Amino acid sequence: MALLPPPSPARRLALMALAVCVLAVAAAVVSFVEGSFIGIVWVLLAGISSNMAWFYVRKTKLEQAQRTRAAG
């Protein structure tokens, strides 16, 4: 079984959400290092984008499983 789901709009959304998550974590680290509490907002954004990434990955896998069951 492949580690990544096949190409689809949901997969692209998952990859974009993952990129936002990584960037938000980096921004949070920089904010906290500089002594700013705005990093809390970045942490919250990282959490939301992480959940979005998992949602779209799972959605793609479920759709693929349904197509496989319907075809077989």
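Helix α1 spans residues 9-33. Its 25 residues reach 36 Å from first to last C-alpha, close to the 36 Å expected at 1.5 Å a residue; the expected span is 1.5 Å times one less than the number of residues. Helices are DSSP runs (H or I, at least four residues), strands likewise (E, at least two), numbered from the N terminus. The model is predicted: local features need pLDDT of at least 70, side-chain atom pairs count only at pLDDT 80 or more, and totals for chains, interfaces and linings use all residues. Residues are numbered from 1 along each chain as its sequence is written, and side-chain values use heavy atoms, without hydrogens and water.

Buried residues of α1 are Ala 10, Arg 11, Ala 14, Ala 17, Cys 21, Ala 24, Ala 28 and Ser 31. Buried means under 20% relative accessible area, exposed over 50%, partly exposed in between (1.4 Å probe, protein chains only). An α-helix has 3.6 residues a turn, so residues three or four places apart point the same way. The cover over the buried residues of α1 includes α2 (39-71). Just after α1, Gly 35 adopts a positive phi of about 85°.

Lys 61 lies in α2. Lys 61 counts as partly exposed because its relative accessibility is 37%. Its C-alpha is 9.6 Å from that of Arg 11, 50 residues away along the chain.

The protein chain holds 2 helices and 0 strands. Its C-alpha trace spans about 55 × 20 × 15 Å along the principal axes. Buried residues make up 22% of the 72 residues.

Terms used. Contact = heavy atoms within 4.5 Å.
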